[in-house]
Amino acid sequence: MQDVRDEMIAIARKLQKIHATEKKIQLESCLLIADLEYLNAAVSLGYTKDAFAEKIGLSPELYWKRAQIGRTLHRFPAVLAAVEKGELKISHVNIFAARITEANCDLIIERAKNKTTREVEFEMSRITMDGRLLDKEEEVELRLIFKKSDLEKLERAIDVLAHSGKVPSKVEVICEALEGLLDKKDPAHRAEPAEKRRAAKEGA
């Protein structure tokens with residue numbers, strides 16, 4: 001039994017080293033791709049951008065994602081330092097790369113350090129381009145895929161609720177349906193004070 005335990009510990013330690021190396025390689029890749037973009041390497045070497053991405057072993061989508069991350073790391077040394085220290089992840093930089101500015105850089109680092117990817121998404125919903133932290137509930141953007149028949153149900157629900165005088169958004173309709181489902185199926189939800197739920201709904 002001890003031999004099995006020792007083997008598991010050895011494998012775990014090996015994986016720690018592998019994943020630490022993997023993170024360093026990913027960081028270096030982002031920085032080098034940004035350098036290539038600055039030099040306009042694809043055009044200079046006679047490739048389209050997509051063909052050049054495939055030439056160096058990446059899909060075009062991943063190439064552009066890493067290029068944007070690399071440009072962000074070059075432009076904001078404080079972000080690069082936080083990534084190197086392990087306070088931020090490359091996935092975090094991907095979330096805020098398109099929205100980081102000189103005005104909000106320090107706030108983003110402060111609010112994103114040592115957070116999960118989902119927590120960073122929530123934090124970014126409250127940070128403005130000019131460096132303010134909005135006093136509102138966090139939001140996250142989701143991509144949903146509906147079957148045609150399910151989309152028709154959603155649109156029908158919008159029509160039905162619109163008879164009250166206000167045309168609801170798709171998000172409002174889905175949240176209304178979730179509220180009804182939880183009322184029926186979740187004892188904890190039913191026990192929550194109605195006033196609290198109303199306040200949360202009005203604040204959304």
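I began with T72, which I found in helix α4 (residues 60–75); helices here are DSSP runs of H or I of at least four residues, numbered from the N terminus. The model is a predicted one, in which local features need pLDDT of at least 70 and side-chain atom pairs count only at pLDDT 80 or more, while totals for chains, interfaces and linings use all residues. Residues are numbered from 1 along each chain as its sequence is written, and side-chain values use heavy atoms, with hydrogens and water left out.

**Entry 1**

I looked up the accessibility of T72 and found 5%, so T72 counts as buried (buried is under 20% relative accessible area, exposed over 50%, partly exposed in between, with a 1.4 Å probe and protein chains only). Not counting residues up to four places away in sequence, T72 touches V93, A97 and I100 (contact means heavy atoms within 4.5 Å).

I then turned to T101, in the loop between α6 (90–96) and α7. T101 is buried as well, with a relative accessible area of 17%. Leaving aside neighbours within four places in sequence, I list F76 and M129 as its contacts. A polar atom of the T101 side chain lies 2.7 Å from the backbone oxygen of M129.

**Entry 2: helix pairs**

I noted that two packed helices are described by the angle between their axes and the distance between the axes. Axes are lines fitted to C-alpha atoms, for helices over the stretch in contact, and angles run from 0 to 180 degrees between N-to-C directions.

For α4 and helix α5 (residues 77–85), I recorded axes that come within 5 Å and cross at roughly 110°. That makes α4 roughly perpendicular to α5 (65 to 115 degrees; under 35 is roughly parallel, over 145 roughly antiparallel, and the rest oblique). L73, H74 and R75 of α4 meet P77, V79, L80 and V83 of α5.

Helix α9 (residues 148–162) and helix α10 (residues 170–185) pack at about 90°, their axes 10 Å apart. The two are therefore roughly perpendicular to each other. I found L154, A157, I158 and L161 in α9 meeting K170, V173 and I174 in α10; this contact has 6 nonpolar, no polar and 1 charged residues.

**Entry 3: nonpolar cores**

I looked up the largest nonpolar core, which has 23 residues; L73, V79, V83, L88 and F96 have the most contacts inside it. A nonpolar core is a set of buried Ala, Val, Leu, Ile, Met, Phe, Trp, Tyr and Cys residues joined through side-chain atoms within 4.5 Å. At least two residues of this core come from each of α1, α4, α5, α6, α7 and α8, and α7 supplies the largest share, 5 residues. Residues up to four places away in sequence aside, L73 touches L27, L31, V79, L80, V83, I90 and V93. I also noted a second, separate core of 8 residues, including A41, A42, F52 and A67.

**Entry 4: positive phi**

Most residues other than glycine have a negative phi. I recorded a positive phi, near 55°, for N40, in the loop between α1 (2–38) and α2 (41–44). N40 is partly exposed at 33%. Phi of N114 is also positive, near 60°; N114 lies in the loop between α7 (105–112) and α8 (117–124) and is exposed, at 61% relative accessibility.

Note on methods
Nonpolar A, V, L, I, M, F, W, Y, C, P; charged D, E, K, R; others polar. Polar contact = N/O pair within 3.5 Å; in protein donor to acceptor, adjacent residues only side chain to side chain.
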